[in-house]
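Student: Hi, I have just opened this one and have never seen it before. Could you walk me through a part of it?

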Amino acid sequence: MIGLFKQKTPVNILFVFILGILIKLPLFKNTVPAPVNEQSALFYKEIISFLNSFGSNSANLYAGLTYLILFTQAMQLNKLMNDHRMMQKMTFLPAIAYMVITSMIPEWNFFSPIILINSLILVVFSSLFKLYNQSNVKSNIFNIGLAIGLCSFIFFPSLILVLWLLFALMIMRTVRLNEWLICLLGVTTPFYFYAAYLFLTNALSLESLFSSIQVSVTIPGRSLWLAISSFLLVIPFLIGGYLVQDNLRKMLIQVRKNWSLVLIFLLFALFIPFVNNETSGFENWIMAAIPFAAFHACTYLYTTQRWLPAVIFWISILFIITFQYAGPGWG
C-alpha cells in the first residue's frame with residue numbers, strides 16, 4: 001500500500017478518497033459540531049447557524065462536509081509538499097498520512113473551528129514558502145496577515161499565530177520593518193471592518209471586538225487508547241524528523257527554511273489548545289496534524305528498511321479499526 005502511494009499518479013487521488021472513507025466510517029453517523037457558546041468566534045457562530053438552518057438534514061451535512069474538508073486538506077498538504085520539493089520524490093504520502101493521522105483521534109473528525117482553520121493555515125504555508133524567491137512580496141505578505149486575521153474570527157486563540165508569522169518572516173527574508181508592518185496591517189484589517197460595523201450599529205466595545213486571552217493547563221482524560229494513539233503519532237514523527245535532518249544536506253536552502261517553518265509551527269500548534277480552553281477533548285489539537293503528517297510522510301519515503309513503513313502504516317490502520325469497533329469508538 002505504501003508503495004502504491006509513493007507513485008505520483010492521478011488515480012491515487014481516488015484511492016486516498018476511498019481509503020479515507022473506509023477508515024472514517026463512524027464519522028458519518030457520529031459527527032457533531034463543537035459546541036457554540038459566548039466565547040465562540042463570530043464567523044464560526046454564523047457558519048453553525050447557517051448549517052443548522054437545514055434542520056434534520058444538518059447532521060448528515062456536518063458529516064459529509066467534515067470529510068470533504070479533511071480530504072481537501074490532505075490534497076492541499078500533498079500539493080504543498082510536492083510543489084515546493086519538500087521531499088526528494090513527488091508522492092501521495094503526505095495525503096495518506098494526513099488521512100490516517102486525523103483518524104487516530106475521534107475529535108479530529110468532528111466539525112470544529114480548528115478544522116476550518118487548517119485549510120487557511122495550509123494556504124498561509126503555501127504563501128510563506130514562496131517568499132524566499134520573490135522580489136515584490138508586499139501583496140503576498142498582506143494576504144498572509146489577512147488570512148491569520150480571518151482565522152481569529154473563526155477561533156480567536158489562533159491570533160497567537162501572528163508571532164509565528166514574525167518568526168517566519170525572519171527565516172524567509174532579511175528583516176524589513178515595512179514588511180512586518182504590512183503583515184500586521186493584514187492581520188488587523190478584518191478587525192477594522194468589524195469595528196466599523198459595530199460603530200455603525202452602536203455596538204462598539206473592546207469586549208465585542210477582542211476576546212480575553214487566558215492560558216490554562218487542562219489535562220484530558222488518560223486511557224490506554226490515548227497512549228497507543230500518541231505512540232503511533234510521536235514515533236513516526238521522530239523517525240521522520242531524524243530522516244529529514246539526515247537529508248538536509250541534499251536539500252536546497254529554501255527547502256531547509258520551509259522545514260524550519262513547519263517545525264516552529266508545530267510548537268505553536270501544541271500551545272494554542274491551552275489558550276481559552278473550554279473543552280476536555282482533543283479537537284483543538286488537530287492543528288498539529290499538519291506538521292505531523294509532513295514528517296510521517298518522510299518516514300514512509302526515506303526509511304531504508306522497506307518493511308518499516310508498511311508495519312507503521314498497517315499497525316496504524318489496525319489500531320484505528322480496533323478503536324472504532326472494539327474500543328470506545330467515536331460516539
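Student: Let's start with helix 12, how many residues does it have?
Tutor: Keeping in mind that this is a predicted model, helix 12 has 23 residues and reaches 33 Å from its first C-alpha to its last, which is close to the 33 Å expected at 1.5 Å a residue.

Student: Which residues of helix 12 are buried?
Tutor: The buried ones are Leu-226, Ser-229, Leu-232, Leu-233, Pro-236, Phe-237, Gly-240, Leu-243 and Val-244. An α-helix has 3.6 residues a turn, so residues three or four places apart point the same way.

Student: And what do those buried residues pack against?
Tutor: They pack against helix 6 (93-101), helix 13 (253-271), helix 14 (289-302) and helix 15.

Student: Why is Leu-232 counted as buried?
Tutor: Leu-232 is counted as buried because its relative accessible area is 8%, and the cut-off for buried is under 20%.

Student: What does Leu-232 touch, leaving out residues up to four places away in sequence?
Tutor: Leu-232 touches Met-104, His-296, Ile-315, Ser-316 and Phe-319. Met-104 lies 128 residues away from Leu-232 along the chain, yet their C-alpha atoms are separated by 8.5 Å.

Student: Switching to the surface, which element gives the most to the nonpolar patch?
Tutor: Helix 2 does, with five residues, and the patch, whose members include Leu-14, Leu-22 and Tyr-325, has about 870 Å² of accessible area together. Helix 2 (11-23) and helix 15 (307-325) are the elements that give two or more residues to this patch.

Student: Is Leu-22 buried or exposed, then?
Tutor: Leu-22, which sits in helix 2, is exposed, with a relative accessible area of 51%.

Methods. Residues are numbered from 1 along each chain as its sequence is written. This is a predicted model: local features need pLDDT of at least 70, side-chain atom pairs count only at pLDDT 80 or more; totals for chains, interfaces and linings use all residues. Side-chain values use heavy atoms; hydrogens and water are left out. Buried means under 20% relative accessible area, exposed over 50%, partly exposed in between (1.4 Å probe, protein chains only). Contact means heavy atoms within 4.5 Å. Patches are made of residues with over 30% relative accessible area and no salt bridge: like charges are joined within 9 Å, nonpolar side chains (Val, Leu, Ile, Met, Phe, Trp, Tyr) within 5 Å. Accessible areas come from the Shrake-Rupley method with a 1.4 Å probe; for residues, only the protein chains shown count as cover. A salt bridge is a side-chain nitrogen of Lys or Arg within 4 Å of a carboxyl oxygen of Asp or Glu. Helices (H or I, at least four residues) and strands (E, at least two) are DSSP runs, numbered from the N terminus. The expected span of a helix is 1.5 Å times one less than its number of residues.
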